[in-house]
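Please open the model in your viewer and keep the selection tool at hand. The stops below go from one side-chain contact to the next.

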Amino acid sequence: MSQKETPLFNGLLSHAKRDPIQFHIPGHKKGKGMDPDFRDFIGENALSIDLINIGPLDDLHQPSGIIKEAQDLAAEAFGADHTFFSVQGTSGAIMTMVMAVCGPGEKIIVPRNVHKSVMSAIIFAGATPIFIHPVVDKELGISHGITTDAVEKALEQHPDAKGVLVINPTYFGIACDLKEIVDLAHSYDIPVLVDEAHGVHIHFHDELPLSAMQAGADLAATSVHKLGGSMTQSSILNLKGKRVSAKRVQSILSMLTTTSTSYLLLASLDVARKRLATEGRAIIEETIELAQYMRKELNEIEHIYCVGKEILGTNATFNYDPTKLIISVKDLGISGFDVEVWLREHFHIEVELSDLYNILCIITPGDAKSDADKLIHALKELSKERHGKAAKVNPQVLLPNIPLLALSPRDAFYADSELVPFEESEGRIIAEFIMVYPPGIPIFTPGEIITRENLNYIKTNMEAGLPVQGPEDYDFKYIRVIKEHKAIK
């Protein structure tokens, strides 16, 4: 089949044109059974293909027809041996990767700045995480990826690990030397799993970092919806080689996936793949040019710095994705979160992420120069407003240390637990997740011993208005810890 074809989308359109009488779910029956205001807003076209896995439309859980054809085309486009569509987002694909390679008591090597879905999967699998410290950028106050040297040390100490997980590129668009890490892990016959949530486009342009499949990784969970033009919650899981069984991956993905799969999401993956495969280089080239134009203009604004290729050259910054604009705002004398709120309130501009020192803006084929100019103008206005108030700031890198793991995450998660006051929790074993989201990096994971340093880190982020999430008590007055069984007096 040609990459210009969209078998899944076309199959849905053909079915909708036949206009069969539907004595099956969904109950809205092409929109006729739902609220008319919502129906009018969504439109009859979309609702006509909001269908389920009836015979003519194949079944995501055991594809053999139009879904299989669409997945096979995606595998060809991404250089994979097998591609699986996910309607559970990249989180579902990441959990599938982890659970496909490790089980109870087995080890998996992971960076500390992993997405929360990795730790969720480790709990489900009953596995033990072997954490690697990501490299900290003291100028920006952010963490990058992991280095080959760190992976080598982890493999030397844990040659029995069942997998190595790598984030590539990071949320901020920074890439490690993925090929070198893959070759190293494969020398131990250990599979490499790649969280490629922010890299669907890199496979289709030779000036961008290597994709997971190009680097020879075994599995890669890739968010097509983030940067590739499909609908939110639609992603793919690519597999290459024989180290991981495709049948096992299909089985686990099916366990984690709803049986009422959304054909709107599936069709959007099919058409997004077609556009990336047939027009990807051209549209990504335009996106890179727009991002570089913005980077140049932003770097001419007083107290603003937009990171460029000068960041490259260390073990952790092997390459970068220029469509990610890391905008350092620390010298304005306010936090990145303050800048995010200011842009929202004054210019109706929303950014992807903010932290203590930066904002992150993502440029895609959906952006226009007029939108870019609005952001540039807005930040010029903010710089003028801060003139005389701004000051050079040396970031205090407050990235949390990795606490000691006293119990496996699963044992801690399911252990008898109790709520204790936040300020009295130091030294106890935590039974819940606490993270800054986005990007979803854990401060604590179940089974770790609570440290004063990391409690202070939580307070610093909360005081800055940053989104600390996870605990049962949203106000952080209490933390859930493992219950201590004291002697009876």
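**A tour of side-chain contacts**

Select glutamate 472, which counts as partly exposed at 47% relative accessibility (buried is under 20% relative accessible area, exposed over 50%, partly exposed in between, with a 1.4 Å probe and protein chains only). Its side chain meets that of arginine 480 in a salt bridge, 2.7 Å from N to O, the term standing for a side-chain nitrogen of Lys or Arg within 4 Å of a carboxyl oxygen of Asp or Glu. This is a predicted model, in which local features need pLDDT of at least 70 and side-chain atom pairs count only at pLDDT 80 or more, while totals for chains, interfaces and linings use all residues. Residues are numbered from 1 along each chain as its sequence is written, and side-chain values use heavy atoms, with hydrogens and water left out.

Next, select arginine 112 and glutamate 448, whose side chains form a salt bridge at 2.5 Å, N to O. Arginine 112 is buried, with a relative accessible area of 4%, and glutamate 448 is buried as well, at 0%.

Then move to aspartate 160 and lysine 107, a salt bridge in which the closest N and O atoms are 3.3 Å apart. Aspartate 160 is partly exposed at 43% relative accessibility, and lysine 107 is partly exposed at 24%.
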